[in-house]
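Work through the exercises below with the model open. Try each task before reading its solution.

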Amino acid sequence: MDFWPEFLASSWGREFVAGGFGGAAGIVAGYPLDTLRIRQQSSNAGGAVSILRRVLASEGLSALYRGMAAPLASVTFQNAMVFQTYAVLSRALDQSINPEDPPSYKGVALAGIGTGALQSLLLSPVELIKIRLQLQQKPHFSSTGGKVGPVNVARNIVRNEGVRGLYRGLAITVLRDAPAHGVYFWTYEYMREQLHPGCRKGTEQESLRTMLVAGGLAGVASWISCYPLDVIKTRLQAQTQSSIKYNGIIDCYRKSVRQAGGHGVLWTGLGTAVARAFVVNGAIFTAYELCLRFLFNPSRHESSIQAAENTL
């Protein structure tokens, strides 16, 4: 009976809930663009617009949201872990900063790298399942007649490839996410201060526009910094035990470049990814920051939102 009041009374609990809201907002806002990105990366199927038209004509609008349950189901814990780990590491990795001051940009970048590496352990199986579902050209049905969802895919992977199969692509996920998260958090903290001087020290409260733009640019910067690795990761995780094309990261890189006739293949779908990154991460940071404002000071929530809207 007293769990939620006690849970939300702690800083950790509030960070957990705010991270969950932020992550859920990001998933819902950007999932259709993510499906288009995955399909672009996995084959030479054309541009985002042509893929979108083909999907809508042959599979319907719901195909753009196929596989969303897997990341949405895990997003609360994942984002809670990301933001909480980042908050702890940003202080621990640069202890020269006064506790009353915001973390240094050095601490922010190092904490982001550490956070990205740790969260890959959770994210890798989720993304593997999501990618397998997104690449289905039409809904698959189980032996009981129901649609094949994340649980069915996970069971099938474990049955055919073992538990190890769920972690196919773990190494490339760590290589992608560790530096990308360093860029991600550094860009957000730097841009929010540039757009709204004083907000990092708490002397000013940033507007909705600052949250959206700083979050969006953070997402764009992080995706550009890791995009070739993401293309390789998608191709590795799209493989099944019966359709192995690549023997590891280097082999995937060499074969992909050779078959495509150049390094341009490593940037396939970048435009879609950047558009999605801006939308998703603007939504994540806005939902996260607003939720924290409400949880830390609910009595000022309404006036806080109004003030943010007035400065939008």
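Predicted model: local features only at pLDDT ≥ 70, side-chain atom pairs only at ≥ 80, totals over all residues.

Residues are numbered from 1 along each chain as its sequence is written, and side-chain values use heavy atoms, with hydrogens and water left out.

**Exercise 1.** Find which residues touch the most other members of the largest nonpolar core.

Step 1: Apply the definition: buried Ala, Val, Leu, Ile, Met, Phe, Trp, Tyr and Cys residues joined through side-chain atoms within 4.5 Å. Buried means under 20% relative accessible area, exposed over 50% (1.4 Å probe, protein chains only).

Step 2: The core has 20 residues, and F83, Y184, F185 and F285 touch the most other members. Helix α10 gives the most, seven residues.

Step 3: Take F185. Beyond neighbours within four places in sequence, its contacts (heavy atoms within 4.5 Å) are V82, F83, Y86, V108, G112 and F285.

**Exercise 2.** Decide whether H181 is buried or exposed.

Step 1: Locate H181 in helix α7.

Step 2: Its relative accessible area is 14%, so H181 is buried.

Step 3: The H181 side chain reaches the backbone oxygen of D177 at 2.9 Å.

**Exercise 3.** Work out where the buried residues of α6 lie around its axis.

Step 1: List the buried residues: V153, A154, I157 and E161.

Terms used: Helix = DSSP H or I, 4+ residues; strand = E, 2+ residues; numbered from the N terminus. Polar contact = N/O pair within 3.5 Å; in protein donor to acceptor, adjacent residues only side chain to side chain. Arc of directions from axis to C-beta.
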